[in-house]
Amino acid sequence: MNDKNLEKSRLGALVYDPAPESASIANIKPSYGLFIDGAFSDASSHEHFVTLNPATEEVLSTVSRASDADVDRAVSSARRAYEKVWSKTSGAERAKYLFRIARLIQERSRELAVVETLDNGKPIRESRDIDIPLAAAHFFYYAGWADKLDHAGYGANPQPLGVAGQIIPWNFPLLMAAWKLAPALAAGNTCVLKPAETTPLTALVLAEILQQAELPSGVVNIITGDGSTGAALVEHPGVDKIAFTGSTEVGRLIQQRVASSAKHLTLELGGKGANIVFEDAPIDEMIEGIIDGIFFNQGHVCCAGSRLLVQESIADEVLRRLVRRVEQLRVGNPMDKNTDVGAINSAAQLARIEELTAFGEREGATRYSSSCVLPEKGYWFAPTVFADVAQSHRIAREEIFGPVLSVLSFRTPEEAVAKANNTNYGLACGVWSEKGSRTLWVAERLRAGVIWANTYNRFDPASPFGGVRESGFGREGGRQGLEAYLNV
């Protein structure tokens, strides 16, 4: 800290010098092809699209757009690899490949973190400290299961499904790829992975890692493109299983399209998570948990605690502290390790966030937005808290998928449960209280797949994750995550 900033800090203002990571670590190629049958190749149509840095709107790379013919080529490659190689490979041998992939992710973790932040817009400290380590951990975890499937509780000799088509979102690109690929490969399936159009780069670097690991050709194929590419993968008759993470609207379409087929399906969709705070909750810890629950990854989290339900007796104090804490959040350059809130992933997502927050104000909610100065270039939205929110407001019902928190109040545990369950979603909730009996009473009455107690957004490869109702079905992670890729 220089002398000028040191003097400011003595006067009470907290000042940081910039500490950016180097973008040169990323080593992003000017263009990428499709990864099919163990090698990169151009799309048959020779069509391409660009992927942007959402913090600067600068072009990062040009990426091939897969056509229906390319999807067919990828599925055929996965089928050959399944029948000739992977289905005949022992669990112990599959585990060796998964261990190798996990170690290579660790070795290239700094590069992957920088690529993820440049392509996605999330703060580098989140990519570096959370996303990439967890991606490696999932490969390590499922490597341990590969030779133990007979002991997973699914009966004797459980068999893989075959070819898995996997479609992942833009909010956690590499981590979602690991969530999908690791259990599928451990169970003996081959895969065709389709990353999101706005964030394909870490999946393509992962393809390089698969080559380094000498994974047999065709076991994993990675095809890039837009929604039409994903639709072609969903409808391809050579795919035995579809795993999708994304919006509820797209999930409904996928379910309709596979309903008349024999394809297996798992869906991890949207959410409108409730963070329930009782008057006896440890307030300092709880405030940080609320902040992490909604502003982590710019609120681009399906299980984000976007609805805060606060017991009426402490509602004013909690709101006062929240507003003060939001003012302290650093918004800006995602490559600066001091940044708390990075860039919104795309112009389309920013427009949706702005539309829904405008509705919140028109419907009578009181808006508190950070007074931070937003960069002139890129896609940015100031962290926002809405008070005086009613259950009927759109911001309390619809998934905003951005750094926007809606605050409601309750008087009794029964009212808290009723308000938390008053949603079409059911992915995650949090309960904050010093009383274990109260926490358990509330938790067993909440209709959600994941419930955290006195914390939020905690993940572990050994713990299953998934939703109910319009948040989808099936589980990822843990022993339960294997079931989606086995005939049991």
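Buried here means under 20% relative accessible area, exposed means over 50%, and partly exposed is anything in between, using a 1.4 Å probe and protein chains only. What you're looking at is a predicted model, where local features need pLDDT of at least 70, side-chain atom pairs count only at pLDDT 80 or more, and totals for chains, interfaces and linings use all residues. Residues are numbered from 1 along each chain as its sequence is written, and side-chain values use heavy atoms, leaving out hydrogens and water.

**The chain as a whole**

- The chain holds 16 helices and 20 strands; these are DSSP runs numbered from the N terminus, with helices being H or I of at least four residues and strands being E of at least two.
- Its radius of gyration is 23 Å, close to the 23 Å that the globule rule gives for 488 residues, so the chain is as compact as a globular protein of that length. That radius is taken over C-alpha atoms, and the rule is 2.2 Å times the number of residues to the power 0.38.
- Along the principal axes, the C-alpha atoms fill a box of roughly 65 × 55 × 35 Å.
- Of the 488 residues, 59% are buried.
- Take the contacts with a separation of 6 or more: residues 24 or more positions apart account for 75% of them. A contact means heavy atoms within 4.5 Å.

**Surface and charge**

**A three-stranded open sheet**

- The order β1-β5-β4 describes an open sheet of 3 strands with mixed pairing. Two strands pair if DSSP finds at least two bridges between them.
- β1 (31–32) and β4 (48–53) stand at the edges with a single partner strand each, so one side of each has no neighbour in the sheet.
- β1 runs parallel to β5 (residues 58–64), joined by 2 bridges, and Y32 has V63 in β5 as its bridge partner.

**Parallel strands under cover**

- In a regular strand the side chains alternate between the two faces of the sheet.
- Strand β8 (residues 190–194) has 5 of its 5 residues buried. T190, V192 and K194 lie on one side and C191 and L193 on the other, with both faces covered.
- β7 (residues 163–167) pairs with β8 in the parallel sense over 5 bridges, and G165 has V192 in β8 as its bridge partner.
- β7 also runs parallel to β10, through 4 bridges, with I167 opposite F244 in β10.
- β10 (residues 241–245) is largely enclosed by the rest of the structure, because 5 of its 5 residues are buried. K241, A243 and T245 are buried on one side, and I242 and F244 on the other.
- β10 and β11 (residues 264–268) run parallel too, joined by 5 bridges, and A243 stands opposite T266 in β11.

**Loop residues to look up**

- A156 sits in the loop between α5 (124–145) and β6 (159–160), and A156 is exposed, with a relative accessible area of 74%. Its C-alpha atom is separated by 9.3 Å from that of V488, 332 residues apart along the chain.
- S471 lies in the loop between β18 and β19 and is buried at 0% relative accessible area. Leaving aside residues up to four places away in sequence, S471 touches several residues, including L267, E268, Y425 and L427.
- S471 and G251 are 220 residues apart in sequence, yet 9.2 Å apart in space, C-alpha to C-alpha.

**Positive phi values**

- Most residues other than glycine have a negative phi.
- Q298 has a positive phi, near 60°. Q298 is in the loop between α10 (283–295) and β13 (307–311) and counts as buried, at 0% relative accessibility.
- R469 has a positive phi as well, near 55°, and R469 is found in the loop between β18 (450–453) and β19 (472–473).
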